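Here is a short report on one protein chain. Please look over the sequence and the model before reading on.

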Amino acid sequence: MKEFIFFGTKVKKFVKGTFDDLKSATKIDLHYNDLLTIEDGAFDNSPNMKTLELLGNNLTELPKNLLLKLSLLLLDLSYFSSSLSLVL
């Protein structure tokens, strides 16, 4: 399994193209990063990603079409505020 772990930073935003070099990653772990925003298209070039861990961030919305474009087996949204929404 090829994993990218980016844990416990103060990153607030991931933009489109952020993960373009992670084409072979099957797991992207972004928990506890104080994330506020993940732009649409941030994961467009991550076709092999099966696990996306976003727990413990401050997101209130997930990228448009996130679930439609990826073949995720696990999307971890633990410890989010009740205001989190998924825009389809």
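## N57 and its reach to L35

In this predicted model, the side chain of N57 reaches the backbone nitrogen of L35 at 3.0 Å. N57 sits in the loop between β5 and β6 (61-62). Its relative accessibility is 3%. The cut-off for buried is under 20%, so N57 counts as buried.

Is N33 buried or exposed? N33 has a relative accessibility of 0%, so it counts as buried.

Y32 lies in the loop between β3 and β4. At 38% relative accessibility, Y32 counts as partly exposed. Its backbone deserves a check: phi is positive, about 55°, although Y32 is not a glycine. D34 is found in the loop between β3 and β4. Phi of D34 is positive too, near 60°, and D34 is a residue other than glycine.

## N48 in the loop between β4 and β5

Where does N48 lie? N48 is placed in the loop between β4 (37-38) and β5 (51-53). Its relative accessibility is 37%.

The side chain of N48 reaches the backbone oxygen of K23 at 2.8 Å. K23 is also one of the residues that N48 touches, along with S24, A25 and T26, when residues up to four places away in sequence are not counted. N48 and L70 are 22 residues apart in sequence. In space, their C-alpha atoms are 8.2 Å apart.

## The cavity

How many cavities of 30 Å³ or more does the count give? The count comes to one. The largest cavity has a volume of about 70 Å³.

Its lining draws on two stretches of numbering. E39, D40, G41, A42, F43 and D44 are among the lining residues. P63, K64, N65, L66, K69 and L70 also line the largest cavity. By residue class, the lining divides into five nonpolar, two polar and five charged. L70 links this topic to the previous one: L70 lines the largest cavity, and its C-alpha is 8.2 Å from that of N48.

## The chain as a whole

The protein chain has one helix and eight strands. What order do the elements take from the N terminus on? They run β-β-β-β-β-β-α-β-β.

The protein chain has 88 residues, of which 36% count as buried. N57 and N33 are buried residues. Among contacts with a separation of 6 or more, 48% join residues 24 or more positions apart. The accessible surface of the protein chain comes to about 5000 Å². Carbon and sulfur atoms account for 53% of that surface.

Definitions and conventions:
Residues numbered from 1 in each chain as written. Predicted model: local features only at pLDDT ≥ 70, side-chain atom pairs only at ≥ 80, totals over all residues. Heavy atoms only, no water. 1 Å grid on protein atoms, 1.4 Å probe; cavity = no way out; pocket = protein on both sides within 12 Å on 5 of 7 lines; lining within 4 Å. Points joined across faces, edges and corners; volume = space filled by probe spheres on them. Nonpolar A, V, L, I, M, F, W, Y, C, P; charged D, E, K, R; others polar. Helix = DSSP H or I, 4+ residues; strand = E, 2+ residues; numbered from the N terminus. Buried < 20%, exposed > 50% of the residue type's maximum accessible area, 1.4 Å probe, protein only. Contact = heavy atoms within 4.5 Å. Polar contact = N/O pair within 3.5 Å; in protein donor to acceptor, adjacent residues only side chain to side chain. Areas by Shrake-Rupley, 256 points an atom, 1.4 Å probe, with all protein chains shown as cover.
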